[in-house]
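Subject: Structure handover

Hello,

Here is the structure I said I would pass on. Please open it alongside this email; my notes follow below.

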Amino acid sequence: MNVNRTTKTSIAIVIMLLAGAAIVAALAVRHDQAAVAAQQAEPAVAAPVPREVAGLTPGTRRAYLRAAEAAETDGVEMHITSGHRTRKEQLAEFQEAVDRYGSAEQARKFVLPPDKSAHVKGLAVDVGPRPAAAWLEDTNGKYGLCRIYTNEWWHFEYSSRYARERRCPPLKPDATSVP
Ligand SMILES: [Zn+2]
C-alpha cells in the first residue's frame with residue numbers, strides 16, 4: 001500500500017515534470033518565433049550612408065541629398081560622378097592631368113592638388129548628367145550648392161552661406177584662381 005502510493009506519487013511527479021518541460025519547450029519555440037518576427041519587422045535604425053555621399057561633410061551630404069530629392073520631384077535624375085576623394089586619389093588625378101596638359105600650371109585649370117581640392121575636404125560634388133547639373137545651377141544656392149567654375153559645369157561646392165544668402169557667387173574662369 002505504502003509502496004503503491006509512493007509509485008503513484010512518483011508517476012505524478014514525472015508527469016508534472018514532463019508537462020512542465022513541454023510547456024517550457026513550447027514557450028521557447030514561441031519566443032524564438034517572436035524574435036524572428038521582430039527581427040524581420042525591425043526597421044533600420046539608421047539608414048546606411050549612400051556610397052556616393054560617403055566622405056562628404058555632413059552639411060554637404062545633407063545639401064546634396066535634399067537637392068537630389070527635389071530634382072527627382074521635378075523629374076530630373078541626378079547623381080554624383082565624383083564626390084569625396086582621398087588625398088592619394090586627388091594626387092593621382094592631379095599627376096594624370098599634369099601628364100595630359102604638360103605642366104602643373106595647365107593641369108590646375110582642371111584638377112587641383114590635394115591640399116587645395118574641395119573634393120578632398122568633402123565640400124565638392126561633381127554631378128551628372130548635364131541636365132541635372134543645369135537644374136542644380138538654376139537653384140542658385142538654395143540648397144547650399146553652387147557651381148564654381150566656368151570650365152566645369154559638373155563641379156559644385158557646398159557652403160552654408162550660399163543657402164543663407166540664397167545666391168551663388170560669380171563664376172571663376174577655372175581653378176587657377178584658387179589661391
Ligand atoms: Zn569637381
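G102 comes directly after helix α3 and has a positive phi, near 95°. Helices (H or I, at least four residues) and strands (E, at least two) are DSSP runs here, numbered from the N terminus. This is a predicted model, in which local features need pLDDT of at least 70 and side-chain atom pairs count only at pLDDT 80 or more, while totals for chains, interfaces and linings use all residues. Residues are numbered from 1 along each chain as its sequence is written.

Helix α3

α3 has 15 residues and spans 21 Å from its first C-alpha to its last, close to the 21 Å expected at 1.5 Å a residue. The expected span is 1.5 Å times one less than the number of residues in the helix. Its buried residues are Q90, E93, F94 and A97. A residue is called buried if 20 or more other C-beta atoms lie within 10 Å of its own, exposed if 12 or fewer, and partly exposed in between, with C-beta atoms placed from the backbone. Seen down the axis of α3, the buried residues fall within an arc of 100°, so they line one face of the helix. The arc is that of the directions from the helix axis to the C-beta atoms. The face turned away from the buried side of α3 carries the exposed residues K88, E96 and D99. The buried residues of α3 pack against α4 (104-107). Contact means that the C-beta atoms of two residues, placed from the backbone, lie within 7 Å.

Overall layout

The protein has 6 helices and 4 strands. From the N terminus on, the elements run α-α-β-α-α-β-α-β-β-α. Of its 179 residues, 26% count as buried. Among contacts with a separation of 6 or more, 63% come from residues 24 or more positions apart.

Helix α2

α2 has 16 residues and reaches 23 Å from its first C-alpha to its last, close to the 22 Å expected at 1.5 Å a residue. T60, R61, A63, Y64, A67, A68 and A71 are the buried residues of α2. Viewed down the axis of α2, these buried residues fall within an arc of 165°, so they line one face of the helix. Exposed residues P58, E69 and T73 sit on the face of α2 turned away from its buried side. The cover over the buried residues of α2 includes β1 (79-82), β2, α5, β3 and β4. Just after α2, G75 takes a positive phi of about 80°.

T60 is buried, with 26 other C-beta atoms within 10 Å. Leaving aside residues up to four places away in sequence, T60 touches G122, L123, V125 and Y158. T60 and V125 are 65 residues apart along the chain, and their C-alpha atoms are separated by 8.5 Å. With the same exclusion, A67 touches L136, T139, Y143 and L145.

The core

The largest nonpolar core has 30 residues, and those with the most contacts inside it are Y64, A67, V127, L136, L145 and F156. A nonpolar core is a set of buried Ala, Val, Leu, Ile, Met, Phe, Trp, Tyr and Cys residues joined through C-beta atoms within 7 Å. The elements giving two or more residues to this core are α2 (58-73), α3 (87-101), β2 (124-128), α5 (130-138), β3 (145-147) and β4 (155-158). α2 gives the most, with 5 residues.

The sheet

The 4 strands form an open sheet in the order β1-β2-β4-β3, with antiparallel pairing. Two strands pair if DSSP finds at least two bridges between them. β1 and β3 are the edge strands, each pairing on one side only. The twist averages 45° from one strand to the next. α5 packs on the sheet, touching β2, β3 and β4, and its direction makes about 125° with that of β2. For such angles, axes are lines fitted to C-alpha atoms, for helices over the stretch in contact, and angles run from 0 to 180 degrees between N-to-C directions.

The antiparallel strands β1 and β2 are joined by 3 bridges, and the bridge partner of S82 in β2 is D126. Another 3 bridges join β2 to β4, where A124 has E157 of β4 as its bridge partner. β3 and β4 are likewise joined by 3 bridges, and the partner of C146 in β4 is E157.

Regards
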